[in-house]
Amino acid sequence: MSTQLPSKILIIGATGTIGKYITNAVLSTEPRVANHISIFTSQATPSNPRKQALLSSWKAQGASVIVGNVNNLEDVKNAYNGIDTVISCLGRDTLASQVELLRLAEESKDVRWFFPSEYGTDIEYDASSKDEKPHQNKLTVRRFIRDSVKKVKCTYVVTGPYLEMFLPLVPGAEEAGGYDTKSKNAVVIADGDGKVGFTSMPDVGKLVAAALQHPEASMGKVLKVQSFVTTPNAILEEFERQTGTKWTVDHTPSQTLRDVEKEKWDAKSPIATLYTLKRIWAEGGTLYDKTDNEILGVKPGDLELLSAVVERAVKGQGY
């Protein structure tokens, strides 16, 4: 395949949280990024009304649907037949299963390009990244790729946090920060002026599609991309502007965030990951001198603004 455009794409995890945005973008991008796009989905998906609606809309756009079990070797092997590019959109709880998907891709006679599910926080931002608990499954996948994947080229699309998932003030985890549109209350980390690089969820899809359109720039690379850089205080100001009212604001000191983070991990709380990620973002783990947006042909005007994402939040539109 060298650096040719993909011809036949298989998307795994298409109906998931970020997968639906990536699939929508891949199918709607013009000119079309591939001649044929298939969606690999579980047997349970067609029985879910919301996911069935997604599948129906995608089939109307020309996608084909393959039903199988991502943990069944034969199902995956069969799905790979004739496919040159695989896009994984698996969620955090199933990231480790990508090792087997990659092994099978490496053995496949057809697969030449693989996008692991790396959308989100940079797991190799600096020397401390290797010790962060939420990164371990992704790091395992990267190690496998370095050690065992030689034929298949892998592209990591590192987007930083999705702003839609950063915004909510989670009940029981208020110290981690967020914005409550009903009570008009915000909790920000430290002084709220620390810069954070964000990508909106629709833009994650756009950026993956852009990577597919520019294999010469993206194949075999770790791409650092984002919609914009802003601060928690700037987000607060946008909420206040759009709601027409002053909000109450509480602050979580950085050390308090670290202390609660440790308590949550010690207690094996499922919310511990949120505290770690919020701490990483607050400490600058999303900032770069330069992103890779430009080499993918993505201009600032192509991506969403802060105001658009906040508007959806104010309207109560989920992700």
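How close do the axes of helix α9 and helix α12 come, and at roughly what angle do they cross? They come within 10 Å and cross at roughly 60°.

## About the model

This is a predicted model, in which local features need pLDDT of at least 70, side-chain atom pairs count only at pLDDT 80 or more, and totals for chains, interfaces and linings use all residues. Residues are numbered from 1 along each chain as its sequence is written, and side-chain values use heavy atoms, with hydrogens and water left out.

## Helices α9 and α12

Helix α9 covers residues 232-243, and helix α12 covers residues 306-314. Helices here are DSSP runs (H or I, at least four residues), strands are too (E, at least two), and both are numbered from the N terminus. Axes are lines fitted to C-alpha atoms, for helices over the stretch in contact; angles run from 0 to 180 degrees between N-to-C directions.

The angle makes α9 oblique to α12. Angles under 35 degrees count as roughly parallel, over 145 as roughly antiparallel, 65 to 115 as roughly perpendicular, and the rest as oblique. The crossing is right-handed: the near helix is turned clockwise from the far one by less than a right angle.

From α9, A234, I235, E238, F239, R241, Q242 and T243 take part in the contact. They meet L306, S307, V310, E311, A313 and V314 of α12. Contact means heavy atoms within 4.5 Å. By class, this contact has 7 nonpolar, 3 polar and 3 charged residues. Ala, Val, Leu, Ile, Met, Phe, Trp, Tyr, Cys and Pro count as nonpolar; Asp, Glu, Lys and Arg are charged; the others, Gly among them, are polar.

## Helices α3 and α4

Helix α3 (residues 73-80) packs against helix α4 (residues 98-107) at an angle of about 50°, with the axes 10 Å apart. The two are therefore oblique to each other. Their crossing is right-handed. On the α3 side, L73, V76, K77 and Y80 make the contact. On the α4 side, E100, L101, R103, L104 and A105 do. The classes are 6 nonpolar, no polar and 3 charged residues.

Helix α4 also has buried residues: Q98, L101, L102, L104, A105 and E106. Buried means under 20% relative accessible area, exposed over 50%, and partly exposed in between (1.4 Å probe, protein chains only). These residues pack against α3, α5 (136-148), and the strands β1 (8-12), β4 (85-88), β5 (113-115) and β6 (153-154).

## Cysteines

The disulfide count is 0, where a disulfide is a pair of cysteine sulfur atoms within 2.5 Å. For C89, the nearest cysteine sulfur is that of C154, 14 Å away. C89 is buried, with a relative accessible area of 4%. C154 is buried too, at 7%.
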